[in-house]
Number of protein chains: 2
Amino acid sequence: MGLMNPMLRVGYPASISADLLRDFPEGIELIPLSDKMDHDVEIDVWIPDPYSTKALRTWAHLRGVKLVLSLMAGTEWIPATVGPHVTISNARGAHNISTAEWTVAAILTMLKYFPLYLEIQRSGVWKRRFEANAYYKKITGSTREEYPPVMQEELTGKTVLLVGHGEIGKEIERMLKPFHVDVLRVARTARTQPEVHAVSELDNLLPRAHVVVLILPSTPESKGLIGAAQLALMRQGALLVNSARGPIVDTGALVEALKAGRIRAALDVTDPEPLPEGHPLWSCPNLLLTEHVAGSTPQFTPRALHTAAEELRRYMKGEPLKNVVQAAL
Amino acid sequence: MGLMNPMLRVGYPASISADLLRDFPEGIELIPLSDKMDHDVEIDVWIPDPYSTKALRTWAHLRGVKLVLSLMAGTEWIPATVGPHVTISNARGAHNISTAEWTVAAILTMLKYFPLYLEIQRSGVWKRRFEANAYYKKITGSTREEYPPVMQEELTGKTVLLVGHGEIGKEIERMLKPFHVDVLRVARTARTQPEVHAVSELDNLLPRAHVVVLILPSTPESKGLIGAAQLALMRQGALLVNSARGPIVDTGALVEALKAGRIRAALDVTDPEPLPEGHPLWSCPNLLLTEHVAGSTPQFTPRALHTAAEELRRYMKGEPLKNVVQAAL
């Protein structure tokens with residue numbers, strides 16, 4: 001049957017609505033794959049389920065895969081699963097806007113004290129607004145008597161340290177532009193235009209920042225990059241934002257720093273993940289925590305499938321792929 | 001004694017730290033005024049307490065005031081108090097950045113479902129994150145099955161209707177620029193470059209907007225501008241943001257629309273204000289409520305005093321003032 005059918009066989013998660021695949025090139029056979037399938041299937045190109053546990057169940061039944069088109073930016077689990085003889089390409093960029101928006105939203109929410117105001121809203125007592133002034137003094141360490149009382153902070157004019165300056169880091173910087181922040185940048189290697197410092201400079205830069213954004217890939221070198229020593233170098237009341245990967249931060253050290261009122265944090269990712277019930281992070285003060293949702297907007301799947309369709313078009317024409325994360329041996 | 005002292009006498013709220021007045025011109029006598037003062041004082045220029053109730057107590061003891069330099073943008077109470085023979089100038093602009101930031105922060109917070117995630121955080125149950133997907137479907141009315149599940153929305157690409165296009169409205173538009181939103185504008189009178197529609201067009205524009213921002217002055221015409229009919233014209237799940245004045249919205253109609261899950265709202269101002277305990281707004285769903293705090297950042301008083309100092313300098317030189325809201329008869 002393979003001989004009778006010259007069409008490229010492309011397997012995709014059955015959970016994705018077929019009408020989102022309109023964009024795909026002609027001359028292919030689209031095969032919906034369930035993670036509950038019980039028979040083997042021969043395909044050429046595999047679009048794995050965005051949830052790796054489901055994708056792994058499907059993988060057990062796939063034969064003949066030559067190309068993996070991941071819908072996610074993070075493809076950590078794929079090479080060890082499919083082996084070195086398969087090309088892997090990712091949907092780089094599909095998360096950029098949503099993750100950058102989450103990051104800017106988290107920064108503003110924390111500087112505007114919205115978690116506290118939501119608590120006041122639940123209590124239904126207007127005059128509790130003055131708790132915002134007490135919070136301001138406590139978290140920033142300000143001893144100045146201000147009149148009228150300060151009820152929230154401004155982002156405008158603050159110093160933001162971007163740890164990581166890839167596509168999402170640049171997108172965050174673009175969204176911060178109207179706030180005239182001083183941007184400091186750190187990446188694996190130093191660069192110029194704009195100035196990006198080497199990660200070896202991190203400890204020197206941390207004390208200057210009001211906001212520290214982690215937006216670097218998960219690698220052996222980035223694991224534990226922010227430990228107790230780095231948290232101690234942050235300014236009193238500075239905000240740590242992690243929209244990258246949980247293991248970049250030493251969770252135990254972070255819990256201590258939050259409980260001590262030393263810093264604030266906003267996390268979309270944690271270590272461990274999922275965060276188990278009863279974990280001390282859940283109840284830390286000065287924290288906004290979301291459950292790894294920054295990339296999950298209505299625009300994500302269409303964008304990622306558009307990138308996959310483009311990659312597939314190149315593959316069929318024999319052109320080089322754009323987002324290769326592993327070339328087949 | 002007045003004859004022996006030719007210096008201009010400038011009264012200011014005693015609660016403001018004197019070192020913030022460094023900027024003030026030489027040749028004046030600065031007189032701190034308490035709202036608990038029990039004797040009359042002769043001054044030329046009055047900087048009222050930002051809280052009008054305190055300012056009114058002080059006013060009862062003031063004699064000879066020729067110029068009022070308000071630190072606030074809103075000066076509604078002043079003309080009737082001081083009468084027509086006094087010039088009134090305001091600190092236009094001192095709230096612009098903070099109020100625009102609050103507005104953008106509120107929009108992002110609501111589109112990212114942070115109030116829901118904070119509730120999930122309090123419960124400490126990771127898998128409750130899927131409630132965000134249920135919320136998305138319910139509030140937007142989406143019947144599409146999306147995979148992976150939608151967990152929050154994007155601001156990028158949405159349509160934002162600015163009702164009011166003064167200094168703060170323009171500032172909000174500037175901060176929204178990186179999100180490539182479609183901006184629609186309404187003001188009292190139509191203008192071009194950029195296109196601003198007359199307020200008579202409001203009902204035609206409301207159905208097009210995902211976000212409706214109220215940032216117009218409180219006037220007899222703006223009272224009740226957003227009533228039941230206007231709320232009914234908004235899209236399912238659209239977000240109403242009020243960072244202007246409470247009476248612009250019909251509170252009863254808003255409570256109904258929120259309870260029915262028809263729209264979302266973020267309010268820094270309410271009618272009545274302060275919102276009494278037990279008022280139905282406190283417990284409305286789909287609502288972020290802060291207690292008239294958008295202008296109260298650490299930068300506010302220094303900025304407002306800087307504007308007042310500039311105005312005072314002009315007054316002393318006999319130059320025209322910049323922010324006159326009432327010229328003395």
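Modeller: Helix 3 of chain A and helix 3 of chain B are oblique to each other, a word used for angles that are not under 35 degrees (roughly parallel), over 145 (roughly antiparallel) or 65 to 115 (roughly perpendicular). Their axes come within 9 Å and cross at roughly 120°; axes are lines fitted to C-alpha atoms, for helices over the stretch in contact, and angles run from 0 to 180 degrees between N-to-C directions. In each chain, helix 3 covers residues 96-111. Helices (H or I, at least four residues) and strands (E, at least two) are DSSP runs, numbered from the N terminus.

This is a predicted model, in which local features need pLDDT of at least 70 and side-chain atom pairs count only at pLDDT 80 or more, while totals for chains, interfaces and linings use all residues. Residues are numbered from 1 along each chain as its sequence is written, chains are lettered from A and ligands numbered from 1 in the order in which they are written, and side-chain values use heavy atoms, with hydrogens and water left out.

The crossing of the two copies of helix 3 is left-handed: the near helix is turned anticlockwise from the far one by less than a right angle, whereas clockwise would be right-handed. On the chain A side, A:Val104, A:Ala105, A:Leu108 and A:Thr109 meet B:Val104, B:Ala105, B:Leu108 and B:Thr109, where contact means heavy atoms within 4.5 Å. Ala, Val, Leu, Ile, Met, Phe, Trp, Tyr, Cys and Pro count as nonpolar, Asp, Glu, Lys and Arg as charged, and the others, Gly among them, as polar.

Helix 3 of chain A also meets helix 6 (residues 167-176) of chain A, and their axes come within 9 Å and cross at roughly 50°. This pair is therefore oblique, and its crossing is right-handed. The residues of helix 3 that take part include A:Val104 and A:Ile107, and those of helix 6 include A:Ile168 and A:Met175. The residues of this contact divide into eight nonpolar, three polar and three charged.

Helix 3 of chain B is followed by B:Tyr113, whose phi is positive, near 60°.
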